Amino acid sequence: MLHIREAIVVEGRYDKNTLSQVVDTLILETGGFQIFKDPERMALLERAARRRGLIVLTDSDGAGFVIRNRVKGAIPAQFLKQAYIPDVYGKERRKRRPGKEGKLGVEGMPPAVLEQVLRRAGATFLEGEGLSAPSGPPLTKGDLFAAGLSGGAGSAEKRRALLRRLELPEHMSANALLAILNGCYSRAEAEEILKNA
């Protein structure tokens with residue numbers, strides 16, 4: 001497993017699943033073209049970009065470039081890195097037919113290719129123990145429960161209030177909040193956020 005500092009944005013959940021088998025970092029989804037009508041999701045991408053940097057990794061088809069350009073136009077260039085997968089023709093195993101342009105997407109790329117495109121994009125690889133090791137173990141669902149943000153009476157309202165304060169999407173689940181706390185903040189910062197929730 002490769003550990004990198006930057007967060008990575010991909011188009012959808014299958015891309016995220018494939019990539020999470022290769023790298024250990026915060027992986028966010030655009031939801032495809034949903035990114036065009038979801039300002040909260042764009043705000044989340046910008047937050048991750050400003051905190052740790054953001055690598056844009058979309059498919060190599062026309063739709064992937066439209067989505068890439070949307071992200072590129074909304075987030076300052078100094079926080080972005082661009083990773084491009086090669087044009088490989090074929091179809092992903094889960095699909096009956098190839099995509100419109102007949103190219104494999106991120107989900108169809110072998111791990112070695114994904115590592116290569118991330119290195120070429122200038123990803124910051126962390127050697128040794130990984131991102132969360134210096135500041136302690138990551139937060140768990142138990143930490144959210146103890147802070148009253150999940151699993152209890154009024155936890156949804158308390159979580160929404162915290163999400164508003166952090167300028168994050170109000171419909172974010174407890175699991176997604178946990179990923180952001182572990183991915184964008186040090187352990188000490190995340191604990192302070194929970195303490196003041």
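Apart from neighbours within four places in sequence, Ala190 is in contact with Leu139, Leu181 and Tyr185, where contact means heavy atoms within 4.5 Å. The place of Ala190 is in helix α8, and helices (H or I, at least four residues), like strands (E, at least two), are DSSP runs numbered from the N terminus. With a relative accessible area of 1%, Ala190 is buried; buried means under 20% relative accessible area, exposed over 50%, and partly exposed in between, computed with a 1.4 Å probe on protein chains only. The C-alpha atoms of Ala190 and Arg94 are separated by 38 Å, the two residues being 96 residues apart along the chain.

The model is a predicted one, in which local features need pLDDT of at least 70 and side-chain atom pairs count only at pLDDT 80 or more, while totals for chains, interfaces and linings use all residues. Residues are numbered from 1 along each chain as its sequence is written, and side-chain values use heavy atoms, with hydrogens and water left out.

**The sheet**

Four strands form an open sheet in the order β4-β2-β5-β6, with parallel pairing; two strands pair if DSSP finds at least two bridges between them. The edges are taken by β4 (27–29) and β6 (80–84), each of which has a single partner strand, so one side of each is left without a neighbour in the sheet. On average, neighbouring strands of this sheet are turned by 25° against each other, direction ignored, and such angles run from 0 to 180 degrees between N-to-C directions, with axes being lines fitted to C-alpha atoms, for helices over the stretch in contact.

| Strand pair | Residue | Bridge partner |
|---|---|---|
| β2 and β4, three bridges | Val10 | Glu29 in β4 |
| β2 and β5, three bridges | Val9 | Val56 in β5 |
| β5 and β6, five bridges | Leu54 | Leu80 in β6 |

Strand β5 is mostly covered, since five of its five residues are buried. Leu54, Val56 and Thr58 point one way from β5, whereas Ile55 and Leu57 point the other way, and all are buried.

**Helices against the sheet**

Helix α3 (residues 62–74) lies across β5 (54–58) and β6, and runs at about 160° to β5. Together, β5, α3 and β6 make a right-handed β-α-β unit; a crossover is right-handed if, with the strands pointing away from the viewer, the path from the first strand over the helix to the second runs clockwise. Helix α4 (residues 111–121) lies across β2, β5 and β6, running at about 145° to β6.

**Helix α6**

Which residues of α6 (residues 155–165) are buried? They are Ser155, Arg159, Leu162 and Leu163. Seen down the axis of α6, its buried residues fall within an arc of 100°, so they line one face of the helix; the arc is that of the directions from the helix axis to the C-beta atoms. What covers these buried residues includes α7 (174–184) and α8 (187–195). After α6 comes Glu167, whose phi is positive, near 60°.

**Two buried loop residues**

Thr30 is found in the loop between β4 and α2 (39–52), and counts as buried at 1% relative accessibility. Its side chain reaches the backbone oxygen of Glu11 at 3.3 Å, and a polar atom of the Thr30 side chain lies 3.0 Å from the backbone nitrogen of Gly32. Not counting residues up to four places away in sequence, Thr30 touches Val9, Val10, Glu11, Ile35, Arg41 and Ile67.

Ser60 has its place in the loop between β5 and α3, and at 9% relative accessibility Ser60 counts as buried. The side chain of Ser60 makes a polar contact with the side chain of Asp87 at 3.0 Å; a polar contact is a pair of N or O atoms within 3.5 Å, of which, within protein, one must be able to donate a hydrogen and the other to accept it, while residues adjacent in sequence count only if both atoms are side-chain atoms. Leaving aside its neighbours within four places in sequence, Ser60 is in contact with Phe65, Ile85, Pro86, Asp87, Lys103 and Leu104.
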